[in-house]
Each structure stands twice: as structure tokens, then as C-alpha cells.
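Subject: Structure handover

Hi,

Please look it over first; my notes follow below.

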Amino acid sequence: MKFNLDNLVEEFDALEMKLGDPEIFKDQKKVREVASRKKGIEKAVDLYKEYKSTYEALTDNKEMLDTEKDAEMRDMLKEEIKEIEVKIPEMEETLKVALLPQDPNDDKNIMVEIRAWAGWDEAALFAGELSRAYIVFAEAEGFKIEISEESISDAGWVKELIFEIKGEWAYSRFKYESWVHRVQRIPETESKWRVHTSAVTVAIMPEVDETEVEIDLDEIEMKFCRSGGPGGQHANKSDSAVHLKHLPTGIIVFCADGRSQHKNRAKAFQIMRAKLNVLAEEQRAKEMGEARLSQVGSWDRSEKIRTYNFPQDRVTDHRIGQNFSGLPGIMLGKLLPIVDACAVADQQAKLEAAAKGV
């Protein structure tokens with residue numbers, strides 16, 4: 001066999017035993033680490049067991065063929081051997097993908113931050129449309145959505161929106177969406193029918209807890225203020241909105257989603273941890289010279305990853321050099337072809353790197 005992963009099966013069994021020991025639950029961080037590793041190798045273990053069983057069946061059939069005298073039985077064995085010999089290379093390719101190093105964030109919930117970046121009102125208009133496309137796609141995939149913060153322009157369009165996508169493998173489905181999305185079209189704000197180019201930024205941030213990213217409160221500048229909202233009896237008369245600034249990095253978070261100062265404070269720190277975690281991961285990957293499809297090679301946040309060309313009914317993902325038609329449907333949440341194409345391209349790049357020993 002080309003693959004001998006008995007050690008991986010042994011590790012999987014050992015992890016199951018650890019999770020069955022009540023003592024481990026005294027350390028929740030250890031529980032998460034063990035459970036994450038178990039989940040990370042489970043698919044490869046299952047595929048290997050099937051692969052090993054199939055390979056053993058091939059060996060048994062060949063041995064039987066060497067001693068079988070009956071012509072009809074020999075023909076049957078030859079047909080089975082032929083089918084298995086076609087199946088094994090396919091299983092090996094699937095195993096190669098399953099054995100690729102897994103992003104430790106893949107199974108996490110995420111926070112999505114979308115901002116109008118260049119193009120004034122048109123950028124804010126597109127930010128709202130792209131947000132809806134993500135939300136519709138996420139809900140169709142079975143994820144749950146929770147809006148964390150929203151900033152609206154004077155024209156009623158989205159300047160900034162932060163929302164959570166909750167569910168298993170949320171990060172793995174959305175991680176290729178980070179960075180700049182450019183749109184080319186005749187906007188509603190244009191009276192002379194000229195094509196405008198504008199852009200929004202998208203940040204996909206895996207959810208992290210206090211044990212993963214610790215925040216030194218001495219490095220945080222925190223202010224409380226009155227959040228906006230409906231007037232009348234629902235007017236917010238207390239300083240419930242929370243403004244955080246991380247002094248070493250300059251990262252700012254403002255949360256006024258609810259009327260409770262306590263909840264807004266907790267949400268603001270949750271967003272701050274996510275942003276600090278992304279910043280730290282980007283820096284680590286940059287120092288190691290890693291290049292992944294979910295990152296931009298130049299490490300420049302102004303670099304576009306995708307263009308939405310409405311006059312030509314075309315979406316172009318510049319990282320994989322692939323075009324997609326049906327733009328109106330894409331903006332209605334039909335993102336699966338793009339998401340899958342990015343995942344396949346990323347897997348292929350990793351396989352090529354592994355083959356070269358990179």
C-alpha cells in the first residue's frame with residue numbers, strides 16, 4: 001500500500017480514550033485541543049480504514065485467482081480486481097487531500113466585517129448587497145446569523161456591518177472571502193449612465209475566547225456613550241454603547257447593538273479578540289513566508305481578490321483566475337460555485353507544495 005496510516009488510527013483511538021476520561025474535563029482548554037485534533041483527523045482515519053479494507057480485498061482476490069480453476073469464477077474475480085484497481089487510485093487522491101494540514105480555525109464560528117471602502121455611496125450600497133448575499137448563502141448552508149454592529153450612511157446604505165455566522169465549519173466555508181471586493185457597474189447614484197468602480201473590504205475572523213487571546217486591560221482605552229436608535233419610549237437614555245481602543249495596535253471597536261452596557265462590553269471585547277487574533281496570525285504567516293489562498297500575497301489590504309462586473313455579467317476571482325457568470329443570482333446568495341472553486345484551488349496548491357516537499 002502507498003499509505004500506511006496505522007499510527008494515525010492509533011492516535012485517533014488514544015484521543016477517544018482521553019475524551020472518555022472524566023479527568024480531562026477539569027481543563028476545558030485541553031478538552032478543546034483534544035476534541036479539535038480528533039475531529040481534524042477523523043475523516044482521514046475513516047478514509048484510511050476503507051482504503052485498507054479495499055486494498056486487502058484486492059490482495060485476497062489476486063490470491064484466489066492464482067488457485068481458482070473454475071472459468072466462471074476466474075472471470076468474476078478478474079472483474080472485481082479490475083474494479084478495485086480503478087477505485088484504489090481514486091481513494092488515494094482523496095486520502096491525500098484529507099491528510100493535508102488542516103487549518104485549526106476551520107471548524108470555528110466566525111465574525112464577518114464588511115466595510116464600504118472606496119466609492120462613497122456606491123460602495124455603501126454594494127456593502128449592503130454583498131452582506132445580504134453572504135447571509136442568504138450562510139442560512140442556506142444551515143448556519144445561524146447574528147448581527148453584532150451596523151453603521152448606516154445618510155442615504156440609508158451600509159457603511160460597516162459586523163455579523164456572526166455560527167455553525168460547524170463556518171470558517172472553512174468563508175475563509176476565502178477576506179480582503180477587497182471590487183464592483184464595476186452603473187450605480188443607482190449615477191445620473192449620466194457611466195460605469196463606476198468602487199470597493200468594499202471583507203474581513204473573516206474566526207471566533208476566539210479568553211483563553212486563546214488574552215487582552216491586557218492596561219492596553220485598552222474604554223469609553224461609554226449613548227447609543228443611537230429609535231426615539232420615543234424606546235430611546236436609549238443610558239450610556240450603553242461601548243468604545244474600545246487597543247493602544248498598541250490602534251484597533252478600534254464600537255458596539256451599540258443592545259441596550260445593555262454589559263452585553264455591549266462583552267460583544268466589543270469578543271470582536272476585539274477576533275481582530276487581534278487575525279492580526280497576530282497574519283504576522284506569523286508573513287514571517288514564515290506562508291502563501292495561502294485565504295491570504296493576499298503582497299500582504300496589502302488594498303489588493304483586490306474579486307471583481308463584480310455587472311455590465312459583462314461576470315465575477316472574476318483574481319487569485320484563481322476563474323470567471324463566473326450569473327451575477328444577479330450570485331448577489332442573491334448563489335455563492336457555492338465560487339466557494340467550492342476557491343477550496344479546490346487551495347487544495348491543489350497544497351498538494352503541489354506537498355509533492356515538492358515545501
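The side chains of Glu164 and Ser148 are joined by a polar contact of 3.4 Å. A polar contact is a pair of N or O atoms within 3.5 Å; within protein, one must be able to donate a hydrogen and the other to accept it, and residues adjacent in sequence count only if both atoms are side-chain atoms. This is a predicted model: local features need pLDDT of at least 70, side-chain atom pairs count only at pLDDT 80 or more, and totals for chains, interfaces and linings use all residues. Residues are numbered from 1 along each chain as its sequence is written, and side-chain values use heavy atoms, with hydrogens and water left out.

Glu164 belongs to strand E3 (residues 158–166). Helices (H or I, at least four residues) and strands (E, at least two) are DSSP runs, numbered from the N terminus. Is Glu164 buried or exposed? Glu164 is buried, at a relative accessible area of 1%. The cut-offs: buried is under 20% relative accessible area, exposed over 50%, partly exposed in between (1.4 Å probe, protein chains only). Beyond its neighbours within four places in sequence, Glu164 has contacts that include Ile110, Met111, Lys144, Glu207 and Lys267. Contact means heavy atoms within 4.5 Å.

Next, strand E4.

E4 covers residues 179–185, and six of its seven residues are buried. E4 pairs with strand E5 (residues 196–206) in the antiparallel sense, over seven bridges. Two strands pair if DSSP finds at least two bridges between them. Arg182 stands opposite Ala199 in E5. E4 also pairs with strand E9 (residues 304–309), here in the parallel sense and over five bridges. In that pairing Val183 faces Tyr308 of E9.

Trp179 sits in E4. Its phi is positive, about 100 degrees, although Trp179 is not a glycine. Trp179 is buried, with a relative accessible area of 5%. Asp313 also has a positive phi, near 50 degrees, and is a residue other than glycine. Asp313 lies in the loop between E9 and strand E10 (314–317). Asp313 counts as partly exposed, at 32% relative accessibility.

Helix H3 (residues 71–98) has 28 residues and reaches 40 Å from first C-alpha to last, close to the 40 Å expected at 1.5 Å a residue. The expected span is 1.5 Å times one less than the number of residues. Asp70 caps the N-terminal end of H3, with a side-chain oxygen 3.2 Å from the backbone nitrogen of Glu72. Buried residues of H3 include Leu77, Ile81, Ile84 and Ile88. Helix H2 (28–67) is part of what covers the buried residues of H3.

For helix H4 (residues 120–140), 21 residues should span 30 Å, and the end C-alpha atoms are 31 Å apart, which agrees. In H4, 15 of the 21 residues are buried, so H4 is largely enclosed by the rest of the structure.

Last, the rings.

Ring pairs link Tyr134, Phe137, Phe143 and Phe174 into a cluster. Rings of Phe, Tyr and Trp (its six-membered ring) pair if their centres lie within 6.5 Å; planes under 30 degrees apart count as stacked, over 60 as edge-to-face and the rest as tilted. The charged end of Arg185 sits over the ring of Phe310, 4.8 Å from its centre. That needs NZ of Lys or CZ of Arg within 6 Å of the ring centre and within 35 degrees of the ring normal.

Best wishes
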